[in-house]
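Trainee: Could you walk me through reading this one? I'd like the general idea each time, then the case at hand.

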Amino acid sequence: WEDEFTDVKIAKGENMERITTRLGVMNLSAESERPLASPLKGEKLRSFSIPAWLLKPDDALEMQKKKEDGTYLIETEAENDLLSFTLGSQKFYYDSEGLLSQFDFDERNKK
């Protein structure tokens with residue numbers, strides 16, 4: 001109980017996967033070049049925080065434009081009350097229920 005929490009690595013096949021013990025560690029910030037109407041009426045959206053647990057390893061992320069502070073620049077699309085954007089090779093959706101990965105969005109729409 002006296003030991004501090006630290007980041008740990010867990011073996012996974014030939015690769016090592018980094019697991020963190022602090023919420024928010026490894027989250028990514030993304031920002032649209034233009035503010036958009038939020039699905040939450042009356043609000044304007046320009047930036048998103050993508051939680052690390054929603055991200056998968058993505059080599060295409062290295063090619064994504066970013067600002068000096070590390071915030072990734074994204075282009076957003078709006079359709080009705082649904083916003084979408086691509087970060088690296090991953091597509092994300094945002095609506096009144098929150099931020100969804102492509103997988104979560106597809107699963108929700110199966111219901």
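Trainee: Is Asp59 buried or exposed?

Mentor: Start with the cut-offs: buried is under 20% relative accessible area, exposed is over 50%, and partly exposed is in between, using a 1.4 Å probe and protein chains only. Asp59 counts as exposed because its relative accessible area is 70%. Keep in mind that this is a predicted model, where local features need pLDDT of at least 70, side-chain atom pairs count only at pLDDT 80 or more, and totals for chains, interfaces and linings use all residues. Residues are numbered from 1 along each chain as its sequence is written, and side-chain values use heavy atoms, with hydrogens and water left out.

Trainee: Where does Asp59 lie?

Mentor: Elements here are DSSP runs numbered from the N terminus: helices are H or I with at least four residues, strands are E with at least two. Asp59 sits in the loop between β4 (44–50) and β5 (72–74). Its C-alpha atom is 7.5 Å from that of Gly88, 29 residues apart along the chain.

Trainee: Which strands form the open sheet, and in what order?

Mentor: Two strands pair if DSSP finds at least two bridges between them. Here the order is β6-β7-β8-β9, with antiparallel pairing. β6 (76–79) and β9 (98–101) are the edge strands, each pairing on one side only.

Trainee: How many bridges join β8 to β9?

Mentor: Four, with β8 covering residues 90–95. Tyr94 has Leu99 as its bridge partner in β9.

Trainee: What packs on the sheet?

Mentor: Contact means heavy atoms within 4.5 Å. Helix α1 (residues 102–110) touches β7 (82–87), β8 and β9, and its direction makes about 100° with that of β9.

Trainee: And Ser101, which residues does it touch?

Mentor: Ser101 is in strand β9, and it is buried, with a relative accessible area of 12%. Not counting residues up to four places away in sequence, Ser101 touches Leu54, Lys91, Phe92 and Tyr93. The side chain of Ser101 also reaches the backbone nitrogen of Asp104 at 3.2 Å.

Notes
Axes are lines fitted to C-alpha atoms, for helices over the stretch in contact, and angles run from 0 to 180 degrees between N-to-C directions. A polar contact is a pair of N or O atoms within 3.5 Å; within protein, one must be able to donate a hydrogen and the other to accept it, and residues adjacent in sequence count only if both atoms are side-chain atoms.
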